[in-house]
Amino acid sequence: VQFAQPSLYVQGDAQRVHDTISASYRAIGSRQIVPWLTAGTYGEFPPEKLEQMIYEAFLNGSRGITYYAFSDFEPMDFYYHAQALRTLAPHASLLTSGKSLPAATGKQPLTVSAFGTDEAALVLIGNYRSPQALTAPVAIEDREIVEAIDLKTGQPPESLTALTVPSGGQRLLRVRFAPKKSDPSQP
């Protein structure tokens with residue numbers, strides 16, 4: 001077996017999923033990561049946190065997810081699991097052909113993940129630690145974002161220079177980039 005399977009029974013802590021999967025992706029250098037996630041094992045948590053954990057896993061380099069104890073699942077856990085996969089499914093090609101991209105939100109304590117290609121990416125911004133909503137700009141290093149859609153609303157976000165993320169929440173965007181300018185010094 002040549003893939004990582006980090007155990008992430010973290011009671012809905014999406015930040016720990018982000019940190020563990022992104023560190024595994026950097027260490028392995030590929031998407032050969034299939035973490036153990038589950039709802040309820042070693043502690044119950046609000047079902048919507050499972051959706052957040054799934055987004056963090058896939059947008060940080062996981063190629064799949066697996067579960068240990070289905071008996072710990074409640075109906076709403078399955079609902080949020082299905083919601084996450086339904087949201088990601090139309091963008092699967094970005095996850096399978098893409099790579100982790102460096103993203104930033106200024107100096108705000110937000111967690112940012114970006115995964116995609118030179119043409120487009122999925123960008124996840126989480127506000128897991130602040131007790132209040134935070135507003136920050138969103139940028140991808142060396143890329144100009146020319147279009148963005150909030151995958152939860154199906155609408156463009158209010159602003160990429162001042163994106164608001166509720167306390168304990170996430171924003172999930174699909175962005176399209178301007179073509180990279182060629183280097184005039186290269187033949």
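Predicted model: local features only at pLDDT ≥ 70, side-chain atom pairs only at ≥ 80, totals over all residues.
## Close-up views

View 1. Residues are numbered from 1 along each chain as its sequence is written, and side-chain values use heavy atoms, with hydrogens and water left out. Arg176, at 38% relative accessibility, is partly exposed too. Glu147 and Arg176 form a salt bridge, with their closest N and O atoms 3.3 Å apart. Glu147 belongs to strand S7 and Arg176 to strand S9 (residues 170-177), so this pair ties together parts that are 29 residues apart in sequence. A salt bridge here is a side-chain nitrogen of Lys or Arg within 4 Å of a carboxyl oxygen of Asp or Glu. Helices (H or I, at least four residues) and strands (E, at least two) are DSSP runs, numbered from the N terminus.

View 2. How many salt bridges does the structure hold? There are six. One of them joins the side chains of Glu51 and Lys152, at 2.2 Å from N to O. This pair links distant parts of the chain: Glu51 sits in helix H2 (residues 48-58), Lys152 sits in the loop between strand S7 (145-150) and strand S8 (163-165), and the two are 101 residues apart. Glu51 is buried, with a relative accessible area of 7%, whereas Lys152 is partly exposed at 43%. Arg143 and Asp118 also meet through their side chains, in a salt bridge of 2.7 Å, N to O. That one links distant parts as well, with Arg143 in the loop between strand S6 (139-140) and S7, and Asp118, 25 residues apart from it, in the loop between strand S3 (111-116) and strand S4 (120-126). Arg143 is buried with a relative accessible area of 15%, while Asp118 is partly exposed at 38%. Look also for Asp150, Glu158 and Arg171, which are linked in a network of salt bridges.

**View 3. Asp77, a buried charge without a salt bridge.** Asp77 is part of helix H3 (residues 75-88). Its nearest side chain of opposite charge is Lys49, 12 Å away; for charges, Lys and Arg count as positive and Asp and Glu as negative, with His and the chain ends not counted. So which residues does Asp77 touch, leaving aside its neighbours within four places in sequence? The contacts are Ala39, Pro47, Leu50 and Asp72, where contact means heavy atoms within 4.5 Å.

View 4. Five strands, paired antiparallel, line up in the order S1-S3-S4-S9-S7. Strand S1 (99-100) and S7 are the edges, each pairing on one side only. Two strands pair if DSSP finds at least two bridges between them. S1 and S3 run antiparallel and are joined by two bridges; in S3, Gly116 is the bridge partner of Lys99. Helix H1 (residues 14-28) lies across S1 and S3, at about 45 degrees to S3. H2 lies across S3, S4 and S9, at about 35 degrees to S9. Axes are lines fitted to C-alpha atoms (for helices, over the stretch in contact), and angles run from 0 to 180 degrees between N-to-C directions.

**View 5. H2 under cover.** Is H2 largely enclosed or largely open? Nine of its eleven residues are buried, so H2 is largely enclosed by the rest of the structure. Among the buried residues are Leu50, Met53, Ile54 and Phe58. The cover includes H1, H3, helix H4 (92-97), S3, S4 and S9.

**View 6. An aromatic cluster.** Tyr67, Phe73 and Phe78 form one aromatic cluster. Five aromatic pairs are found in the structure. The ring centres of Phe73 and Phe78 are 4.8 Å apart and the planes are at 25 degrees, so this pair is stacked. Rings of Phe, Tyr and Trp (its six-membered ring) pair if their centres lie within 6.5 Å; planes under 30 degrees apart count as stacked, over 60 as edge-to-face and the rest as tilted. Phe73 is buried at 9% relative accessibility, but Phe78 is partly exposed at 41%.

Note on methods. Buried < 20%, exposed > 50% of the residue type's maximum accessible area, 1.4 Å probe, protein only.
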